[in-house]
Amino acid sequence: MLKLSRALPLFAVALLAACASNPKNEPVKSEKAYFDTAQKSMTAGNFATATDELEALESHYPVGAYTEQAQLQLIYAKYQHIDYAGAAADADRFIRLHPGNPQVDYAYYLKGLSDYEAGADTFNRYLPMDPAHRDVSPSRDAFNDLRELVTRFPSSQYTPDARQRMVYLRNEFAESEMHVARFYMKRHAWVAALARARWVIEGYQGAPVIPEALADEIYCYQRLGMDTQAHSTIALLRSNFPDYKGIDNKDQVKVELGKNNENRSWLNIATFGLLGSADVPD
């Protein structure tokens, strides 16, 4: 009796562990059955079910014929299911565990896409906000991911698209910096605005905002009484961007500072810019 009483707690622990590993009390399927079900679910656009099946496959068959492919497809399933953080984490794990996999470039690509999409929260999806005017740190993570793909796998089928996305992100970063420069110019902080415009010119060559950055630089030089620097920058602007319309024949620069969002009405603030005035005059 004593031995039986001691065995009962051990049996209970084992029973609880078994229930915890299979909470739905479903029979374990074959590795191929999990994989095939996941494929059918993804084809039907049911990425939640596909995720469950692929996770179950990996749980029951951590080393198997379908394991690596299932891990790779799990990244895609989570990405399509808008679980961007999960997809990026799984991509990191795949890259770490299988650096020699012939499809590891796809993992880098999906990681870059996931990190970028993670930065677009619910408000940014539905409000008319320029992406460059929000926090761009997730986009910087995405840029680094895509740059690693382009560097490591220049011949990958995903590299051309990655390059295009990097150009888009570079332009977004440049616009974000110009947004800050405009903020300083509104407050007549000419030195700070000048430094920001210079940073854009030097760090984001080829971005569409470069002509505006040069014009802002000229505008700041003129306000600071630095005529020599203003004239040389005017020559540079006209030489490189002869069609730029923001400067006239008298070297007068027109700068676009945007709306005075700091003077928004209370209704505009409360409705996240949907109602009320976005530019209340002082």
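Is D161 buried, partly exposed or exposed? D161 is partly exposed, with a relative accessible area of 25%; here buried means under 20% relative accessible area, exposed over 50%, and partly exposed in between (1.4 Å probe, protein chains only). The model is predicted, so local features need pLDDT of at least 70 and side-chain atom pairs count only at pLDDT 80 or more, while totals for chains, interfaces and linings use all residues. Residues are numbered from 1 along each chain as its sequence is written, and side-chain values use heavy atoms, with hydrogens and water left out.

**View 1. D161 and R165 meet in a salt bridge.** A salt bridge is a side-chain nitrogen of Lys or Arg within 4 Å of a carboxyl oxygen of Asp or Glu, and for this pair the N to O distance is 2.7 Å. Both residues lie in helix α9 (residues 159–186), four residues apart, about one turn of the helix; helices are DSSP runs (H or I, at least four residues), numbered from the N terminus. R165 is partly exposed at 33%.

**View 2. K29 pairs with E53.** Their closest N and O atoms are 2.9 Å apart. K29 sits in the loop between α1 (2–21) and α2 (31–43) and E53 in helix α3 (residues 47–60), so the pair ties together parts 24 residues apart in sequence. E53 is buried at 14%, whereas K29 is partly exposed at 29%.

**View 3. E55 forms a salt bridge with K78.** The N to O distance is 3.4 Å. This pair links helix α3 to helix α4 (residues 67–80). K78 is buried at 10%, and E55 is partly exposed at 34%.

**View 4. D92, K111, D115 and D145 are linked in a network of salt bridges.** The model's count comes to 16 salt bridges.

Note on methods:
Helix = DSSP H or I, 4+ residues; strand = E, 2+ residues; numbered from the N terminus.
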